[in-house]
Amino acid sequence: MVNINELVAQAQAMQNKVKLAQAELSKQEVTGNAGNGLVKITMTCTKEPKKCEIDASLLNADKKEDLEDLIVAAMTNAKDMADEISTATMEEATSGLQLPEGVDLPM
């Protein structure tokens, strides 16, 4: 027999964990880099850009395309790291809800 009160309490506890996890992710930063560190992009795990560092050796017209490619690569690297941390954090926050057999939550 399903105890609906217990299930609601578990869902509310999970919702609180998710809110805390989201707040944590908005503060946690990752730094992606490209070109052996010539370009570094720092962003939060909610993908809010915070900082861009470019080595001075790339700041000339001859290397414009290289610089553009490295910025994109560093952003992609940072995004991938943020995704990995975000996924792990949210999986942890949403674990533990004990649904009775045959009961699924819509996702």
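A: One may begin with contacts, meaning heavy atoms within 4.5 Å. Of the contacts in the chain with a separation of 6 or more, 55% join residues 24 or more positions apart. The model is predicted: local features need pLDDT of at least 70, side-chain atom pairs count only at pLDDT 80 or more, and totals for chains, interfaces and linings use all residues. Residues are numbered from 1 along each chain as its sequence is written, and side-chain values use heavy atoms, leaving out hydrogens and water.

Q: In what order do the elements of the chain run from the N terminus on?

A: Helices (H or I, at least four residues) and strands (E, at least two) are DSSP runs, numbered from the N terminus. The chain has two helices and three strands, and the order is α-β-β-β-α.

Q: How is the pairing of the three strands in the sheet to be read?

A: Strands of a sheet pair through backbone hydrogen bonds, either parallel or antiparallel. Two strands count as paired if DSSP finds at least two bridges between them. Here the sheet is open, with the order β1-β2-β3 and antiparallel pairing. β1 and β3 are the edge strands, each pairing on one side only. From one strand to the next, the twist averages 15°.

Q: Over how many bridges do β2 and β3 pair?

A: Strand β2 (residues 39-44) and strand β3 (residues 49-54) pair over five bridges in the antiparallel sense. I41 stands opposite C52 in β3, and M43 stands opposite P49 in β3. Four residues lie between the strands of this hairpin, where K47 takes a positive phi near 70°.

Q: Which residues of α2 are buried, and against what do they pack?

A: An α-helix has 3.6 residues a turn, so residues three or four places apart point the same way. Buried means under 20% relative accessible area, exposed over 50%, and partly exposed in between (1.4 Å probe, protein chains only). In α2 the buried residues are L67, L70, A74, A78, A82, S86, T89 and A93. They pack against α1 (4-27), β1 (29-34), β2 and β3. Across the chain of 107 residues, 23% are buried.

Methods
Axes fitted to C-alpha atoms, helices over the stretch in contact; angles between N-to-C directions.
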